[in-house]
Amino acid sequence: MDIRDIHFSFMTLFERYDKNKTLWLTLLFALYLLIPNTINALSVWTEHNRNGAPDIALWEPFTWEYTSALAVLLLIPVVLYWFKFVPPKFTGIGKQIVLHIGASIVFSLAHVLLMVWFRDLVYQWHGWEYQFGNFWSEFVYEYRKDVLGYLNFFVMLQIYHFIYSRLKGEANLISNELSENDVTPSSNIKVPEHLLVKKLDKEFLVKVSDIEWMESAGNYVNLHSGGRIYPLRATLANTIEKLQTAGFSRIHRSYAVKHLAIDNISYAPSGDGEITLKSGHKLTLSRRYKDAFKQQFS
């Protein structure tokens with residue numbers, strides 16, 4: 001196996017990961033929490049069992065560790081939204097520090113409250129009473145750990161985004177004649193024939209005619225071609241205006257399709273439709289775009 005085979009295999013695995021990114025990230029982060037917490041629980045049990053007569057039950061250290069991990073896991077979506085709302089910048093660093101300190105306190109407080117609540121439930125189930133101790137003194141102890149976890153997660157997320165963007169790459173339409181201010185279908189502008197896709201410091205040419213459908217994804221449009229996804233930094237509306245004369249139509253608020261990629265169309269009593277592509281993939285045809293879509297073939 002030469003280096004080209006290794007590169008191809010790696011990119012194939014990455015593309016499989018990318019199709020179920022949320023699921024894989026959740027599982028990986030759960031393992032990231034579970035493994036060290038399991039080690040900590042075993043270490044606590046060992047410490048309490050040194051003399052052969054432990055003063056705690058075996059399930060207690062696992063309850064302490066796993067309730068903490070579960071609380072963090074439940075808070076992660078909120079933390080991710082917060083990091084997206086306050087991205088790292090080179091300006092206003094002082095303000096960013098203050099905001100993150102405040103957020104870390106809120107995060108730690110929510111973590112402790114959830115953790116203690118989960119522990120109370122487990123102890124009640126065993127017919128016992130959980131004693132957390134003085135809340136504020138214990139909170140200060142937990143915050144010292146939580147603030148490091150908050151900072152660690154923030155740094156790891158930025159590293160992940162950097163690596164992910166390099167692996168996934170970004171597509172650019174190749175055209176010197178196409179501008180943002182002149183994109184109407186009636187203009188005599190030559191439609192770009194290729195995409196310039198950058199991945200791992202390499203550039204690849206992908207034919208626009210090979211694109212089967214497009215999907216809106218925030219500030220990007222995911223271009224689906226031959227089972228692969230190429231993110232284009234643009235809006236779906238603007239991209240459709242640029243490529244409409246190449247045989248693309250918008251069919252949904254989030255989707256557009258290439259006419260030649262369509263196999264068949266079916267309709268529901270509600271008026272919405274379902275487009276099946278030759279690849280077997282199915283897309284929703286919204287009532288809002290159905291009439292305009294049909295006019296493309298009249």
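Colleague: How many helices and strands does the protein have?
Modeller: This is a predicted model, and the secondary structure is read from it as runs numbered from the N terminus. On that reading, the protein has seven helices and eleven strands.

Colleague: What percentage of the residues count as buried?
Modeller: A residue is called buried when its relative accessible area is under 20%. The protein exposes about 18,800 Å², of which carbon and sulfur atoms supply 61%. Of its 298 residues, the share that counts as buried is 35%.

Colleague: Among contacts between residues at least 6 apart in sequence, what percentage join residues at least 24 apart?
Modeller: Contact here means heavy atoms within 4.5 Å. Among the contacts between residues at least 6 apart in sequence, those that join residues at least 24 apart make up 53%.

Colleague: Which element gives the most to the lining of the largest pocket?
Modeller: The largest pocket has a volume of about 1,700 Å³, and 40 residues line it, with Lys-21, Leu-157, Tyr-160, His-161 and Tyr-164 nearest its centre. Helix 2 (21-48), helix 3 (59-85), helix 5 (135-168), strand 1 (170-173), strand 2 (194-199), strand 5 (220-225) and strand 6 (228-233) each supply at least two residues of that lining. The lining divides into 21 nonpolar, ten polar and nine charged residues. With eleven residues, the element that gives the most is helix 5.

Colleague: And in the second largest pocket, how many residues of the lining are nonpolar, polar and charged?
Modeller: The second largest pocket, with a volume of about 760 Å³, is lined by 31 residues, and Asn-37, Ser-68, His-111, Lys-145 and Asp-146 lie nearest its centre. Helix 2, helix 3, helix 4 (93-125) and helix 5 each supply at least two residues of the lining, and helix 5 gives the most, with ten. By residue class, the lining of the second largest pocket divides into 18 nonpolar, seven polar and six charged.

Colleague: Which element supplies the largest share of the largest nonpolar core?
Modeller: The largest nonpolar core holds 17 residues, of which Leu-195, Ile-211, Met-214, Leu-223 and Phe-248 touch the most other members. Strand 2, strand 5, strand 6 and helix 6 (236-243) each supply at least two residues of this core. The largest share, three residues, comes from helix 6.

Colleague: How many residues are in the second, separate core?
Modeller: Val-72, Val-79, Phe-83 and Leu-157 are included in the second, separate core. Leu-157 is also one of the residues that lie nearest the centre of the largest pocket. The size of this second core is 14 residues.

Colleague: Is His-259 buried or exposed?
Modeller: His-259 lies in the loop between strand 8 (255-258) and strand 9 (262-267). Leaving aside neighbours within four places in sequence, His-259 is in contact with Gly-247, Phe-248, Ser-249, Phe-293, Gln-296 and Phe-297. Because its relative accessible area of 18% falls under the 20% cut-off, His-259 counts as buried.

Colleague: What is the relative accessible area of Ser-108?
Modeller: Ser-108 is found in helix 4, and, leaving aside neighbours within four places in sequence, Ser-108 is in contact with Phe-139, Glu-142, Tyr-143 and Asp-146. Asp-146 is also one of the residues nearest the centre of the second largest pocket. Ser-108 is buried, and its relative accessible area is 0%.

Conventions: Residues numbered from 1 in each chain as written. Predicted model: local features only at pLDDT ≥ 70, side-chain atom pairs only at ≥ 80, totals over all residues. Heavy atoms only, no water. 1 Å grid on protein atoms, 1.4 Å probe; cavity = no way out; pocket = protein on both sides within 12 Å on 5 of 7 lines; lining within 4 Å. Points joined across faces, edges and corners; volume = space filled by probe spheres on them. Helix = DSSP H or I, 4+ residues; strand = E, 2+ residues; numbered from the N terminus. Nonpolar A, V, L, I, M, F, W, Y, C, P; charged D, E, K, R; others polar. Core = buried A, V, L, I, M, F, W, Y, C linked by side-chain atoms within 4.5 Å. Buried < 20%, exposed > 50% of the residue type's maximum accessible area, 1.4 Å probe, protein only. Areas by Shrake-Rupley, 256 points an atom, 1.4 Å probe, with all protein chains shown as cover.
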